[in-house]
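This report goes through selected local features of one structure. Please keep the sequence and the model in view while reading.

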Amino acid sequence: MKIWLINPYGTLPGEGWRDWRFTMLADALAKRGHDVTWWTAGYDHYSRRTRTKTWETRQIDGYRVKLVPTPEYHRNISIGRFRFEILFATRMLRAARAEAPPDVIVGEDPPQTAGLASIVLGRRVKRPVILDIIDLWPEVYAGALPSKLRWLAPVVFAPFYWLRRYNFSRATGIVGACESYLDVALRAAPKADRANTETVYFGLDSSELAHAEEAPLPEKKLGQFWAVYAGSLGANYDVKTLIAAAKLVAPHDVQVVVAGDGPMRDVVRDAAGGNLHFLGRLPTTQLPSLYARGDVGLVPYAGWSTVAMPVKSFDYLAAGLPMISSLGRELRALMEREGFGMSYRGGDAQSLADAILTLARDRTRRDAMAANARRLSQLFERSVQYARFVDLIERIGARQGSR
């Protein structure tokens, strides 16, 4: 089948980041023998670099990537980013008129503009559209508002809520990056055919552990306990609480080791010293060596975060690391049911410090959590997860072909 993927976000192979969702989906589809084209942006959200200022088609690992020229933006929540998303969608739709139509369209929503472009294109060429939901917009924007203004969110972001309902109610199939996101999409589209829905987690690739490179890490002394965090350092992460908790556990020979990059990088760097170590951004190939030294993996998010199953949680599972998380929703329920982690109250440094010290003092409990994490990781293998995504695409495409 000829399949188009539409998503302005995501890293490409060779750009120095982990494989992203549509990268893994395109790879899985290509391995099944499908003709895959991924329409994405000429400007990379993660590196903040322009890949190309003109139209460009690249052949990558068995599939094509069509780069749509888009403007730059430098703040995640800004008019510039909305302009970027709108121009990506409109330019992609114009260029698609010159192409032979695909058999199936898979679009990302959010951003709602990419979801809308997928629906418009599907109606134009009379092809089925599958929408994939990996985050909750506009909820994430609403959470970023000052607390005194959040009551305005339903009014301010009403067009985005409307677009979500419009897009998902017209999609042929729906995929969620976790069950709670799929539930949100189905509430927006209560008449959706449940047979055309699927939950596909970001997943993990345990084989990457065998190809890990050594990271430049501080020396771990005998008997030391390491609490590690690797990931983004943005406003929706509980960074200041993490820094404060590090000071509280310092007298107990607990080291807090942070690797990452983002808007709050300087805050962490300036606070580093003593038992708080900041490594900066590490290549994904070096992260397993950090996890191998760690005793517990931290999942610190702000209380208003919409994240349900973060990518880093799968990394920790693959490494057999117990977790300490501020998240509720799906991750907390899974931790409690499967016994591989503890929760703390977001924004409460003492709560985080208490959780770290609880596991630092209880080796038996920690070992049991690590064993549960390794056991559970098998369910989230990338090959298992994306096979389900491809199966859904093939089922929907086959029905369309029969008609």
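The model is a predicted one: local features need pLDDT of at least 70, side-chain atom pairs count only at pLDDT 80 or more, and totals for chains, interfaces and linings use all residues. Residues are numbered from 1 along each chain as its sequence is written, and side-chain values use heavy atoms, with hydrogens and water left out.

## Salt bridges

A salt bridge here is a side-chain nitrogen of Lys or Arg within 4 Å of a carboxyl oxygen of Asp or Glu. The structure holds 22 of them. Accessibility is classed as buried (under 20% relative accessible area), exposed (over 50%) or partly exposed (in between), with a 1.4 Å probe and protein chains only.

| Salt bridge | N to O distance | Relative accessible area, partner one | Relative accessible area, partner two |
|---|---|---|---|
| Asp-27 and Lys-31 | 3.2 Å | Asp-27, 27% | Lys-31, 67% |
| Arg-58 and Glu-56 | 2.7 Å | Arg-58, 26% | Glu-56, 28% |
| Arg-332 and Glu-336 | 3.1 Å | Arg-332, 39% | Glu-336, 57% |

Helices (H or I, at least four residues) and strands (E, at least two) are DSSP runs, numbered from the N terminus. Asp-27 and Lys-31 are 4 residues apart in helix α1 (residues 21–31), and are therefore separated by about one helical turn. Arg-332 and Glu-336 are likewise 4 residues apart, in helix α12 (residues 329–338), which puts about one helical turn between them. An α-helix has 3.6 residues a turn, so residues three or four places apart point the same way.

## Helix packing

Helix α7 (residues 179–188) has Tyr-181, Leu-182, Val-184, Ala-185, Leu-186 and Ala-188 buried. Contact means heavy atoms within 4.5 Å. The buried residues of α7 pack against the strands β8 (129–133), β9 (173–176) and β10 (197–199), and against helix α6 (158–170).

Two packed helices are described by the angle between their axes and the distance between the axes. Axes are lines fitted to C-alpha atoms, for helices over the stretch in contact, and angles run from 0 to 180 degrees between N-to-C directions. For helix α8 (residues 239–249) and helix α13 (residues 349–361), the axes come within 8 Å and cross at roughly 55 degrees. The two helices are therefore oblique to each other; angles under 35 degrees count as roughly parallel, over 145 as roughly antiparallel, 65 to 115 as roughly perpendicular and the rest as oblique. On the α8 side, the contact is made by Thr-241, Leu-242, Ala-244, Ala-245, Leu-248 and Val-249, and on the α13 side by Ala-349, Gln-350, Leu-352, Ala-353, Ile-356 and Leu-357. By class, this contact of α8 with α13 has 10 nonpolar, 2 polar and no charged residues. In this classification, Ala, Val, Leu, Ile, Met, Phe, Trp, Tyr, Cys and Pro are nonpolar, Asp, Glu, Lys and Arg are charged, and the others, Gly among them, are polar.

Asn-167 lies in helix α6. Its relative accessible area is 0%, so Asn-167 is buried. Not counting residues up to four places away in sequence, Asn-167 touches Asp-109, Gln-112, Gly-115, Leu-116, Ile-119 and Leu-131.

Asp-109 is joined to Pro-110 by a cis peptide bond, with omega about 15 degrees. Pro-110 sits in the loop between β7 (104–108) and α3 (112–125). A cis peptide bond also joins Trp-137 and Pro-138, and omega is about 15 degrees there. Pro-138 belongs to the loop between β8 and α4 (139–144).

## Positive phi values

Lys-126, a residue other than glycine, has a positive phi near 60 degrees. The loop between α3 and β8 contains Lys-126, which is exposed at 62% relative accessibility. Asp-253 is not a glycine either, and has a positive phi of about 60 degrees. Asp-253 is found in the loop between α8 and β12 (254–261) and is partly exposed at 36% relative accessibility.
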